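Come and read along with me.

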Amino acid sequence: MNALIAGVLLLASLLPIGEAVADEAADFEQRCHMEIARLHVTIEAWMAGSIPDTDEAYASFSEAMADDFEIIAPSGKRSNQKQIIAAFRAAHGSRTAGFSIAIRNIRTRMVSPPLALLTYEEWQYEGGQASARFSSVLLRDDPARPGGVAWVHLQETWLPGLSPADRSL
């Protein structure tokens, strides 16, 4: 009987640890959702030219990408961290007035700190037309990065009928 009581007491003492782990995962998941929104606000402002072309503004994007970051664009083209941040730097002010990005349907597929896998839709509007892609992103907890999260991997796929080749409102 004493061994049973000792076992129950041991189990009960571990419950707060389980709650702390659950709270940590929930906090990380929330930061991942916020980071997806934050980064796309930066992308929109940078490409529209509504923020200055400065190292500080650029860092809001470039510093979010992990050193081992890779993106697979809807076309299938693969780019590493150095390639994508160089292309982003060159894209400042490249979009027309009225360019905007909307993020929709963020879904958490898996959270296991320090990693999380999420999906979302990215809708871009420009010149009375829309394009949209479905994205899967792997994020890593990294307090040194903007938003406290590093982008590790991004896979994008055009939504049916909404690629630039066939987009319209």
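My entries on strands and salt bridges follow.

**Before I start.** I am working with a predicted model, where local features need pLDDT of at least 70, side-chain atom pairs count only at pLDDT 80 or more, and totals for chains, interfaces and linings use all residues. Residues are numbered from 1 along each chain as its sequence is written, and side-chain values use heavy atoms, with hydrogens and water left out.

**Entry 1: strand E4.** I first looked up strand E4, residues 115-126. My labels come from DSSP runs, numbered from the N terminus: helices are H or I with at least four residues, strands are E with at least two. For burial I used relative accessible area: buried is under 20%, exposed is over 50%, and partly exposed is in between (1.4 Å probe, protein chains only). Nine of the 12 residues of E4 are buried, so the strand is largely enclosed by the rest of the structure.

**Entry 2: the neighbours of E4.** I count two strands as paired if DSSP finds at least two bridges between them. Strand E3 (residues 100-112) pairs with E4 in the antiparallel sense over 10 bridges. I found Arg104 with Glu121 in E4 as its bridge partner. A hairpin through two residues joins E3 to E4.

Then I turned to strand E5 (residues 129-141), which pairs with E4 in the antiparallel sense over 12 bridges. Here Glu122 stands opposite Arg133 in E5. E4 and E5 also form a hairpin, with two residues between them, and Gly127 in the turn has a positive phi of about 60 degrees.

**Entry 3: salt bridges.** Side chains of opposite charge can pair when their charged atoms come close. My cut-off for a salt bridge is a side-chain nitrogen of Lys or Arg within 4 Å of a carboxyl oxygen of Asp or Glu. How many salt bridges does a search of the whole structure find? I wrote down 11.

- Arg140 and Asp68 form one, with the closest N and O atoms 3.2 Å apart. This pair links distant parts of the chain, since Arg140 is in E5 and Asp68 is in strand E1 (residues 65-72), 72 residues apart. Arg140 is partly exposed at 26%, and Asp68 is partly exposed at 47%.
- Arg31 and Asp27 form another, also listed with closest N and O atoms 3.2 Å apart. Both lie in helix H1 (residues 2-48), four residues apart, about one turn of the helix. Asp27 is partly exposed at 40%.
- Glu70 and Arg78 meet at 2.9 Å, N to O. Arg78 is exposed at 54%.

**Last note.** I also found a network of salt bridges that links Asp27, Arg31 and Asp141.
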